[in-house]
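Subject: Structure handover and notes

Dear colleague,

As promised, I am passing on the structure, and below it you will find my notes on what came out of the analysis. Please read them with the model open beside you.

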Amino acid sequence: MRRSRLRTAKTSRPPPIWFIGCAAALLIFTGCTSDANEEVSPRFRFVSQDIDLDYGGNGRPGWVRAGDMDGDGDVDIVAGGGQALYVYENRDSRGGWIRHGSLDGTDQIGANGAVLFDVDQDGDLDVVSAQYRSTLGWWNNPGGELDSASWTYHVLDEGSDFFAHDIVLADLDGDGRREEFIFALYRKPEVRLQWFRPGNEPRRVWNRTDIEPGRPELDLHYAGLDTGDVDADGDIDIAFSNGWYEARSARSDDWRWHEMTRIRGVSNALLRDLNADGRLDIIFSAGHHGAGVYWFEAPANRLGDWRLHVIDGSLVHPECLQAGDLDEDGDLDLVTCDLDFERWDEKVHHVYVLENLGMGRSWERYATSPAGFPSHLLQLHDINGDDRLDILSEATGYKVVTYHERVLPDSRPSDEESKRE
């Protein structure tokens, strides 16, 4: 079996920003993409099923999410962006998917992010996303049995010609309700972050607050969004791309930017406690024409020097990053991928589990399935209700949506599963 043992670099303090950027440049030139013959790990094995090989619209799905869209108690799959919106109805939790849509009657849905949320509080999940370089808005799920009739679109903000790359849901005002939507928007060479909250009448324009009204895009840094209380002061901060925004008031309208790195192409960011010390660390992957997965260890005072650890410096274009305890040993593992931007339509890409071997200090990489179509912004979710995390992915640059079902290491695939592999 081909495996990669990865150990983090141990430094007493992080290297200067210019050094990190140069080191990343070396990784880009010396790293190698994964080959199609990489063996599948029996430890973290997934059975892959392409549930859509002919995504409509312009053939480029922007995102994929999981949720019970018809209220029947199981988990459906939603994919959108690229001028189309589909719900893949879960008929039997074993691959019996029925596609409904496109549900976007405007034919303009276009973003790399979305949130499933009951906006109008009628008991079903709606879709909050954006039109392509235009308005931000939400698509109203009419409820009940799914069909292919178009969902009504409501504008939440008039927007601009900025592209919505990331959208997350958080409790920014500390009222105990996660109802604030953070949008990361970019238009070369400028980046904006804004958050919105629906009012009493969500069909009208929502309330907006600027986090970052505009800053220059820096060396392909314009994507990746997560939230958490980084400085442990009781309010929610925001990790974005190559750093984090410190919330300086309970009103969530006063923010201070902290740049963490200038590694080229950092486009994914997560806030997680990787070493179980009670502090949120920041995890980055350089997916946008960069290389490597990294984490910065939070110091005791949070605003001091953060220690850099290299998780895997060899992965080229890891344009995905998710965290979960996949081996159920009590710590967080990571899921990522490789993405060859020149070979979107070829089955030469892998999804990987980066196993945390203890306190985030050493890692082992496992391929989860045979080479397949690319993943762009994969998601972790228990789709089939077996209490194990499965993987959803879309290729963004190609017309495919894929469901990777987690199976036990000692299990043998059924005839049906073998065909799906």
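The notes below go from the whole chain to its cores, its strands and its salt bridges.

Please bear in mind that this is a predicted model, in which local features need pLDDT of at least 70 and side-chain atom pairs count only at pLDDT 80 or more, while totals for chains, interfaces and linings use all residues. Residues are numbered from 1 along each chain as its sequence is written, and side-chain values use heavy atoms, with hydrogens and water left out.

**The chain as a whole**

The protein chain holds two helices and 29 strands, where helices (H or I, at least four residues) and strands (E, at least two) are DSSP runs numbered from the N terminus. Of its 421 residues, 58% are buried; here buried means under 20% relative accessible area, exposed means over 50%, and partly exposed lies in between, with a 1.4 Å probe and protein chains only. The chain exposes about 16,700 Å², of which carbon and sulfur atoms supply 45%, the areas coming from the Shrake-Rupley method with a 1.4 Å probe, and for residues only the protein chains shown count as cover. Among contacts (heavy atoms within 4.5 Å) between residues at least 6 apart in sequence, 53% join residues at least 24 apart.

**Two nonpolar cores**

A nonpolar core is a set of buried Ala, Val, Leu, Ile, Met, Phe, Trp, Tyr and Cys residues joined through side-chain atoms within 4.5 Å. The largest one has 19 residues, and those that touch the most other members are Ile 182, Leu 193, Ile 211, Leu 225, Ile 238 and Trp 255. Two or more residues of this core come from each of β11 (163-170), β12 (180-187), β13 (190-197), β16 (237-240) and β17 (243-247). Apart from it lies another core, of 18 residues, which includes Val 128, Ile 167, Leu 169 and Leu 185.

Ile 182, when its neighbours within four places in sequence are left aside, has contacts that include Ile 167, Trp 195, Ile 211, Leu 225 and Ile 238. Val 128, for its part, sits in strand β8 (residues 126-130) and is buried because its relative accessibility is 0%. Leaving aside neighbours within four places in sequence, the contacts of Val 128 include Trp 138, Ile 167, Phe 181, Phe 183 and Trp 206. Leu 116 is twelve residues from Val 128 in sequence, and their C-alpha atoms are 6.3 Å apart in space.

**Strands and their partners**

Strands β19-β20-β21-β22, in that order, form an open sheet of four with antiparallel pairing, two strands being paired if DSSP finds at least two bridges between them. The edges are β19 (268-272) and β22 (307-316), each of which has a single partner strand, so one side of each is left without a neighbour in the sheet. Within this sheet, β21 (residues 291-297) pairs with β22 in the antiparallel sense over six bridges, and Val 293 stands opposite Asp 312 in β22.

Elsewhere, in strand β25 (residues 351-356), six of its six residues are buried. On one side of β25 these are Val 351, Val 353 and Glu 355, and on the other Tyr 352, Leu 354 and Asn 356. Strand β24 (residues 333-337) runs antiparallel to β25 and is joined to it by four bridges, with Leu 334 opposite Leu 354. Five bridges join β25 to the antiparallel strand β26 (residues 362-367), where Glu 364 stands opposite Glu 355. β25 and β26 form a hairpin with five residues between them, and Gly 358 in the turn has a positive phi of about 145°.

**Salt bridges**

Counting a side-chain nitrogen of Lys or Arg within 4 Å of a carboxyl oxygen of Asp or Glu as a salt bridge, the total comes to 23. In one of them, the side chains of Arg 99 and Asp 52 meet at 2.9 Å, N to O. Arg 99 lies in strand β6 (residues 97-101) and Asp 52 in strand β2 (residues 45-52), so the pair ties together parts that are 47 residues apart in sequence. Arg 99 is partly exposed at 36% relative accessible area, whereas Asp 52 is buried at 6%.

Glu 180 forms a salt bridge with Arg 197, with the closest N and O atoms 3.4 Å apart; Glu 180 is in β12 and Arg 197 in β13, 17 residues apart. Glu 180 is buried at 0% relative accessibility, while Arg 197 is partly exposed at 23%. Finally, a network of salt bridges links Asp 161, Arg 187, Glu 190 and Arg 192.

With best wishes
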